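Please consult the sequence and the structure shown here.

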Amino acid sequence: MLRWLIGGGREPQGLAEKSPLQTIGEEQTQNPYTELLVLKAHHDIVRFLVQLDDYRFASAGDDGIVVVWNAQTGEKLLELNGHTQKITAIITFPSLEACEEKNQLILTASADRTVIVWDCDTGRQVQKVSCFQSTVKCLALLQRLDVWLSGGNDLCVWNRKLDLLCKTSHLSDTGISALIEIPKNCVVAAVGKELIIFRLVAPTEGSLGWDILQVKRLLDHQDNILSLVNVNDLSFVTGSHVGELIIWDILDWTVQACERNFWDPSPQLDTQQEIKLCQKPNDVSIHHFTWDEENVFVAVGRGLYVYNLQMKRVIACQKTAHDSNVLHVAKLPNRQLISCSEDGSVRIWELREKQQLAAEPVPTGFFNLWGFGRVNKQASHPAKKQQENSTSCSLELIGDLIGHSSSVEMFLYFEDHGLVTCSADHLIILWKNGERESGLRSLKLFQKLEENGDLYLAV
């Protein structure tokens, strides 16, 4: 019933029967998230979630406030007010090992051109920096060097006391969109369609302070880089607006592998009207990806792709995993994957090995004479069949979480407390494992009866 009430308006009118989107029935036997808590505190788009510890997380977005929540109960613990415009980046800021106070700190950047350090245990504003010349779009912590970086139209290096150690000159009007740390005291910055390698030089006896040097510019992408992550000790990965996935060597910064064939321009549907519903070249932006030891899981336009790092090829795909662009993807235990989209949906997938089936015989006789045989169908879809045959695994839909009415921006996974999603509908939803929650309620009931002596009386 919940699907009919909330999710019924997701598909465009008149296109429900023709949409290639995979669907799942009302009985989602493999989906454990059967209970939900709706959390209300924000009054604009909620774009960011960050985990603080095993039971707390923080949310932030376009209203400029940060809210700290209890992931177990959904209780609002703190509201942090200090920014006057939308928040553009947020990271955790661990306390020093030698520090007596082990309070959890976070850094937030805002379009008001400030960065604030918050104490998430007390709600106190620890420090604030207001000397930026442009909006800070990304933050990165280099824990080994005990410094943090801010990326905007320039790259700045700061110490824990928020003293500016050094900075680059003006890089670009588009600014730095992402930052990661790599070995040899280097960082990678995504600036438009370029990757710039910077090396941080710590002060020595012969130098007075820190310095940051531009080491190399990598120009292999054809369009703006939207995502940049470390995948292991050997590689980092980038994804662009036109669907380019490049895997780089983390030490010498050379291209290890490249995938540009996510979009298949061949017709996937039969009628001209349906062809218009297919993915277009501008629908293949790589907004996000996650990874494990074997694979990179890529959100490409409306689809999900699994790229194997060893085989250097796509081993599974769902071209139309959602009705709109996929914004965030994460790995769950037991070879499961979760994705969320601009269409307001949150879907759970399972990566399964394909069973090798025997080749089907070519149809003959009456049906083949009139064009109903498989030979004719294969001839009309050679590119699609070739791609299906090249994949050795499949992504099977096992859960569809219906609750948000607008774009779902991202989510967090807690092993013990479920999933957390945030959305443009200003809401945060805490999705709970129904069987586990039922067991916890029963346990609490028995404990309460035992405390009151009612349990033995009933027996």
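## Salt bridges and burial

Glu409 is buried, as its relative accessible area of 17% falls under the 20% cut-off. The model is predicted, and a search of the whole structure finds 12 salt bridges. Side chains of opposite charge can pair when their charged atoms come close.

**The network around Arg47**

- A network of salt bridges links Arg47, Asp62 and Glu409.
- Arg47 and Glu409 meet through their side chains in a salt bridge, at 3.8 Å from N to O.
- Because Arg47 belongs to strand 2 and Glu409 to strand 30 (residues 408-414), this pair ties together parts that are 362 residues apart in sequence.
- The side chain of Arg47 also meets that of Asp62 in a salt bridge, with an N to O distance of 2.8 Å.
- This second pair links distant parts of the chain, 15 residues apart: Arg47 is in strand 2 (residues 46-51), and Asp62 is in the loop between strand 3 (56-61) and strand 4 (66-70).

**Accessibility within the network**

- Arg47 has a relative accessible area of 30% and is therefore partly exposed.
- Asp62 is buried, with a relative accessible area of 16%.

**The pair Glu350 and Arg352**

- Glu350 and Arg352 form a salt bridge in which the closest N and O atoms are 2.6 Å apart.
- Glu350 counts as buried, because its relative accessibility is 17%.
- Arg352 counts as partly exposed, at 29% relative accessibility.

Notes. Residues are numbered from 1 along each chain as its sequence is written. This is a predicted model: local features need pLDDT of at least 70, side-chain atom pairs count only at pLDDT 80 or more; totals for chains, interfaces and linings use all residues. Side-chain values use heavy atoms; hydrogens and water are left out. A salt bridge is a side-chain nitrogen of Lys or Arg within 4 Å of a carboxyl oxygen of Asp or Glu. Helices (H or I, at least four residues) and strands (E, at least two) are DSSP runs, numbered from the N terminus. Buried means under 20% relative accessible area, exposed over 50%, partly exposed in between (1.4 Å probe, protein chains only).
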